[in-house]
Amino acid sequence: MWAIIKVPLYINGGGMRYSSSSKNGCNSFVRGRKYSVKMCSAPAQNVEVLVKSKIEPLPIMVNGCTGKMGRAVLEASIAAGLQPVPICFGGPQDEGKTVEAGGKEIIVHGPSDRENLLSSVFEEHPNLIVVDYTLPAAVNDNAELYCKVGVPFVMGTTGGDREKLYKTVVDSKVYAVISPQMGKQVVAFLAAMEIMAEQFPGAFSGYSLQVMESHQASKLDTSGTAKAVISCFEKLGVSFDLDKVQLIRDPVQQVEMVGVPEEYLLGHAFHMYHLTSPDGTVSFEFQHNVCGRSIYAEGTVDAILFLAKKVKLKEEKRIYDMIDVLREGNMR
């Protein structure tokens, strides 16, 4: 990042070559045939010199970094130049573990004394951003903790009581990015679906809908993305029961029926939405397949940088989602 810094200078004549020397704390740079520029402690005049300044990395705490998604976010954040603090929070089973990433060691703390720990870290790093990739059951308790301490956070964990989550943040006036889907391109697709639903309500009235989604076996709940897309189809006139979403979690079915590459069985998101007209003569199919976790990790880094900017600017709006991040238009 470039910054303008005023430094004291005075001008001397002479010199035909480019060189530098140091004497009595003064650096002399010969410029062209007539002038040299000296930077000294005894100023004659102030001028503006363009220099490249070193900016302190943004501190982050990635809670849930013992999990695959949290680990992916941690690695992507370090690659982007963000600075993880040396502690994070996890479940009781992870307490005392050490996570190594990018040459850094992070100690995992359990549920006890979290408020004092977070307050201490936040006091030491007042521009801290917390990232949450824990478990659905921990969403609300974690959000209450972040809001009580007053630290801005990115909530990438799905599930929990979302209405309660938003109320907690609204009441506390803490800055937060809350999104069940951090993949930028998938979010753009969701935004397009929402625009279609708003502008053409009832366009698919009478159509039947089939939804199939495949994720790694460790994902227990129905995809938040699938729920959001289904909501759009309902606005377009389709009647659908969420209990009818076909959840594929069996690895054999994922390979043979869905077409998931074997190397991504432990980390993927395949979604298919099939619409059929009442008489069966017309069909539409929407599909988006993601292998690995990089799309979500990179989107989370963008959300961190976005939120840090909003906090610094003291924006009036406090709660954002990934569509807000997309609309900002300056993602990496």
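**Helix, histidine and pocket**

Modeller: On one side of helix 2, the residues N116, E123 and E124 are exposed. Please keep in mind throughout that this is a predicted model.

Biologist: Which residues of helix 2 are buried, and how are they arranged around its axis?

Modeller: Helix 2 spans residues 114-124, and its buried residues are R114, L118, V121 and F122. Seen down the helix axis, these buried residues fall within an arc of 100°, so they line one face of helix 2.

Biologist: What covers the buried residues of helix 2?

Modeller: The cover includes strands as well as a helix. Among the covering elements are strand 6 (59-63), strand 8 (87-89), strand 11 (129-132) and helix 3 (139-149).

Biologist: Is H268 buried or exposed?

Modeller: H268 is placed in strand 16, which covers residues 268-276. Buried means under 20% relative accessible area, and because H268 has a relative accessibility of 3%, it counts as buried.

Biologist: Which residues lie nearest the centre of the largest pocket?

Modeller: The largest pocket has a volume of about 1,200 Å³, and its lining comprises 18 nonpolar, 25 polar and six charged residues. Of the 49 residues that line the largest pocket, those nearest its centre are M69, Y133, T134, L135 and T157.

Note on methods: Residues are numbered from 1 along each chain as its sequence is written. This is a predicted model: local features need pLDDT of at least 70, side-chain atom pairs count only at pLDDT 80 or more; totals for chains, interfaces and linings use all residues. Side-chain values use heavy atoms; hydrogens and water are left out. Buried means under 20% relative accessible area, exposed over 50%, partly exposed in between (1.4 Å probe, protein chains only). Helices (H or I, at least four residues) and strands (E, at least two) are DSSP runs, numbered from the N terminus. The arc is that of the directions from the helix axis to the C-beta atoms. Contact means heavy atoms within 4.5 Å. On a 1 Å grid over the protein atoms alone, a cavity is a set of points where a 1.4 Å probe fits but cannot get out, and a pocket is an open set with protein on both sides within 12 Å along at least five of seven lines; lining residues have an atom within 4 Å of a point. Grid points are joined across faces, edges and corners, and a volume is the space filled by probe spheres set on the points. Ala, Val, Leu, Ile, Met, Phe, Trp, Tyr, Cys and Pro count as nonpolar, Asp, Glu, Lys and Arg as charged, and the others, Gly among them, as polar.
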